[in-house]
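Here is a short report on some backbone features and on one helix. Look over the sequence and the structure before reading on.

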Amino acid sequence: MHNKKLPAVLQNLSVPVISAPMFTVSYPELVLAQCKAGIVGSFPALNARPAELLDDWLSMMNETLESYKAQNPEAIVGPLAVNQIVHNTNARLEQDVATCVKHRVPIFITSLRAPVKEIIDEVHSYGGIVLHDVINMRHAAKALEAGVDGLIVVAAGAGGHAGTQSPFALIGELRRNFDGPVILSGSMTSGDHVLAAQVMGADLAYIGTRFIACQEANADEAYKRAIVNAGASDIIYTNFFTGVHGNYIRESIEKAGLDPDNLPIREKGSMKISEDSSKAKAWRDVWGAGQGVGQIDDIPTVAEYVERLKQEYAAAKQRVQTL
C-alpha cells in the first residue's frame, strides 16, 4: 500500500488498518499481536496503571518488536500508537505525554478534546504524528486548527464514544476541506469494509470491536461471547456511563441491573477521566461495542483475523474491478 498523502509511518502496512485503542481491553499482548500482523497496534495510555507502568510497557513492547523484526527480516511490522485523553480531568496527561515522547512513540491518537500546540510540537520534534478523533465537522475544524496531522472520523455505529453522522456525510464533507490523512471508524469488520472506506475517501480503516473478540484481547470470555451473540439492534447508544455518548451491549447493561431502554441522560459536561477503580469496574461490567457485532461469529487469534482481512481486501478489489 502506498498513498502519497500518508506519512511514511502509515504506509506499507499488511492491510490499511489501525486498531482502535480500547479502555481495559488493549493490553500489550493484543497490541504486539496487531503490530506483528502488520497493522497499527494501539492502546490507551490510561490502560497502564499506575502511570509508571506506561514506561515499562513501552520499553518492553519496543524491545519485543525490534527482536521480532531482527528474527523476521521479511515481515511487515506495524507501528505502535498510544491514545491520550486530552481532557481537563485527566490528571495523567502531562506525565503520559512525556513518557511517550521519551520512547518516541510514532503515532499519538488524541481524543475528547483537541491537543494543545505544545503536545503536537513535542511529537513532531522526533518525527511522530498526531491523529485526532472527531465525530463532526466542528471537532474536525478545531483539531486541524490545532495542527494535528490527520483525523479519525468516528461515524455512526462505532464502538466506544461514537458520533451519529453517516460516514458518507462526514467523509464527503471533510474531503471538501481537507486532503490529509483520514481514517474511518464505524462498524467495520471485514476486508470489504476496509476497501469501502477507501472508496468513499478515507485512507485507512479503524477497527475496534472485532479485536475484542480475538484471543489476545484483555476481555472476559463472557464479553467476547456477548459480541459473538449480539446483533446491531443489541447496541445501545447512551451517555449514562461516562457523560459522553457511546455504544454498549444491551446484555451487559441488563446484567448490571439497568433497563437499557430507560437509561437516565447525564448532564452535558459531566465526564470525568481518572484512575478511579469504580470507573474502571464500570467499564469492565458494561461492555462497549459497535454495530458491526452482527457480523462477528468467532474468536480467532489476531494473526488469523488479519490474514482473513488481507484475503477479503484483495478479493474485494478484484470484485470491484469487474463491476
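## Backbone and helix notes

Pro50 sits in the loop that runs between β2 (41-44) and α2 (53-71). This is a predicted model. The peptide bond joining Arg49 and Pro50 is cis, with omega about 5°.

Next come residues with positive phi. Arg104 has one, although Arg104 is a residue other than glycine. Its place is the loop between α3 (93-102) and β4 (107-111). Ser187 is not a glycine either, and its phi is positive too. Ser187 belongs to the loop between β7 (182-185) and α7 (191-199).

| Residue | Phi |
|---|---|
| Arg104 | near 55° |
| Ser187 | about 70° |

How accessible are Arg104 and Ser187? Arg104 has a relative accessible area of 52%, so it counts as exposed, the cut-off being over 50%. Ser187 has 23% relative accessibility, so it is partly exposed.

Which residues of α7 are buried? They are Gly191, Val194, Leu195 and Ala197. These residues lie on the same side of α7, because they cover an arc of only 155° around the axis. What covers them? The cover of the buried residues of α7 includes the strands β1 (17-19), β7 and β8 (204-207). The helix α12 (302-321) is also part of that cover.

How values were computed: Residues numbered from 1 in each chain as written. Predicted model: local features only at pLDDT ≥ 70, side-chain atom pairs only at ≥ 80, totals over all residues. Heavy atoms only, no water. Helix = DSSP H or I, 4+ residues; strand = E, 2+ residues; numbered from the N terminus. Buried < 20%, exposed > 50% of the residue type's maximum accessible area, 1.4 Å probe, protein only. Arc of directions from axis to C-beta. Contact = heavy atoms within 4.5 Å.
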